[in-house]
Amino acid sequence: MKILQLRTINPELEDIIINIDRSTHIGRTKSTSSLTPGDYHETTGRPLPADFYEAEICFQLDSPTISRNHALIRRYSNLGGLLTGYEIVDLNSLNGIKIDGKRVQKSTLKPSAALKIGDIEFKVSYTESSGNNYALLVGNDKGNLKGVSTDIEAMQQFWGRRKGFTSENISTLVNGSANYSKVFAKLENAKRTCSDESLFVFYFSGHGKNGVYLSDKRLKPETLYGHLNHIRGRKLVIIDACHAGDFAETEELPERTLLMLASQKDQRAHEEYHGTLFNPDYMGNFTRALLKMLDKQPHEINLKLVEKELGEDFRLYARGQNPKVTGYAILCPRVKTE
């Protein structure tokens, strides 16, 4: 299925990509949390057109020229129900919408059109929904772990070989860069980038207890899940840390989420020397075991069914480390073909 892709072209702005596959509200809010479209109803005194209530999800853009309720983007179909494109509707915003330099109240969004919402300019294109997977790989060694950087590099290489992932949609944050504000920004980006058919991967390597330790603060399970609730598609969470089982101590996971945890709630996770004389690297035992197993599977594999095989890994078993896999059944994408 084709989805609408908006990409910023302002030279002074960080690159922002928004993928849209259903009715979407575009606006601005002072809140740091994602809101459902209905939450915006009380934030403006201007009357809202009926189109506003069609929105299923919302994206926030950080600019004073963006109104709290600025625009609605929706799909439209022909009489036979076949999807034919997307259109944008102005929600009585102050600074309006322009298409190719002309202010509009409503307009179809054609490929290569220049769209301006407030002062943010986008190039319009269409893309396949199956090609926008996203991975956020986070590691923090806290100065006393030896294998975190190798874990992140190995994970980056692994997902780069799998269908739907490119170097552009695999982000890594390690040590000093692995702070809360940067992790938060990347999660916000995933909310805009992922579509209903996407696979979002969150991986962490480092210390953990009642969450995982970033460089400046702890990321608790409930905080991470709050973000995942607003990321579309399937979500895979891989935690290689002590007490990773804390992430399973919840009554309800976010929808379509699978957890792959290196240890139970009361267990430590271990790293060891896994290199050779010419490549003396340490790795987390769980990360090594997981990637070793998955590299043997060039085709799709149901990740929910690998817990037993992981638990039989010699180094994990010898260390008394029992991985836990729970949640939604997710297929690991197959290796890219030429």
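A residue is called partly exposed when its relative accessible area falls between the buried range, under 20%, and the exposed range, over 50%. Tyrosine 273, with a relative accessible area of 37%, is therefore partly exposed. The model described here is predicted. Its protein chain holds 6 helices and 23 strands. Buried residues account for 51% of the 338 residues in the chain.

**Whole chain**

- The protein chain exposes about 16,000 Å². Carbon and sulfur atoms supply 48% of that area.
- Take the contacts between residues at least 6 apart in sequence: 66% of them join residues at least 24 apart.

**The six-stranded sheet**

- An open sheet of 6 strands runs in the order E13-E12-E14-E17-E18-E22. Its pairing is mixed.
- Strands E13 (170-174) and E22 (324-327) stand at the edges. Each has a single partner strand, so one side of each lacks a neighbour in the sheet.
- From one strand to the next, the twist averages 10°.
- Strand E12 (residues 134-140) and E13 run parallel and are joined by 5 bridges. Leucine 137 stands opposite threonine 172 in E13.
- Strands of a sheet pair through backbone hydrogen bonds, in either a parallel or an antiparallel way.

**Helices on the sheet**

**Strand E1 and its partners**

- Strand E1 (residues 2-8) is mostly covered, with 5 of its 7 residues buried.
- E1 and strand E11 (residues 120-128) run antiparallel, joined by 7 bridges. Lysine 2 has glutamate 128 as its bridge partner in E11.
- E1 and strand E2 (residues 17-20) also run antiparallel, joined by 4 bridges. Arginine 7 has isoleucine 17 as its bridge partner in E2.

**Aromatic pairs**

- The whole structure contains 8 aromatic pairs.
- One of them joins tyrosine 180 and phenylalanine 184, with the rings 6.4 Å apart centre to centre and 25° between the planes. That pair counts as stacked, because the cut-off for stacking is under 30 degrees.
- Tyrosine 180 and phenylalanine 184 are 4 residues apart in helix H2 (residues 180-193), so about one helical turn separates them.
- Tyrosine 180 is partly exposed, at a relative accessible area of 22%. Phenylalanine 184 is partly exposed as well, at 22% relative accessibility.
- Tyrosine 273 and tyrosine 282 form an edge-to-face pair, 5.9 Å centre to centre with 75° between the planes. The edge-to-face label applies because the angle is over 60 degrees.
- Tyrosine 282 counts as partly exposed, at 27% relative accessibility.
- Phe158, Trp159 and Phe165 form one aromatic cluster.

- Lysine 142 is not a glycine, yet its phi is positive, at about 55°. Lysine 142 sits in the loop between E12 and helix H1 (148-160). Its relative accessibility of 44% makes lysine 142 partly exposed.
- Histidine 243 is not a glycine either, and has a positive phi of about 60°. Histidine 243 sits in the loop between E17 and E18. With 15% relative accessibility, histidine 243 counts as buried, because the cut-off is under 20%.

**Lysine 308**

- Lysine 308 belongs to helix H5 (residues 307-311). Lysine 308 is exposed, with a relative accessible area of 62%.
- The side chains of lysine 308 and glutamate 312 make a polar contact of 2.6 Å.
- Lysine 308 and proline 323 are 15 residues apart in sequence. Their C-alpha atoms are 8.6 Å apart in space.

Conventions: Residues are numbered from 1 along each chain as its sequence is written. This is a predicted model: local features need pLDDT of at least 70, side-chain atom pairs count only at pLDDT 80 or more; totals for chains, interfaces and linings use all residues. Side-chain values use heavy atoms; hydrogens and water are left out. Two strands pair if DSSP finds at least two bridges between them. Helices (H or I, at least four residues) and strands (E, at least two) are DSSP runs, numbered from the N terminus. Axes are lines fitted to C-alpha atoms, for helices over the stretch in contact, and angles run from 0 to 180 degrees between N-to-C directions. Buried means under 20% relative accessible area, exposed over 50%, partly exposed in between (1.4 Å probe, protein chains only). Contact means heavy atoms within 4.5 Å. Accessible areas come from the Shrake-Rupley method with a 1.4 Å probe; for residues, only the protein chains shown count as cover. A polar contact is a pair of N or O atoms within 3.5 Å; within protein, one must be able to donate a hydrogen and the other to accept it, and residues adjacent in sequence count only if both atoms are side-chain atoms. Rings of Phe, Tyr and Trp (its six-membered ring) pair if their centres lie within 6.5 Å; planes under 30 degrees apart count as stacked, over 60 as edge-to-face and the rest as tilted.
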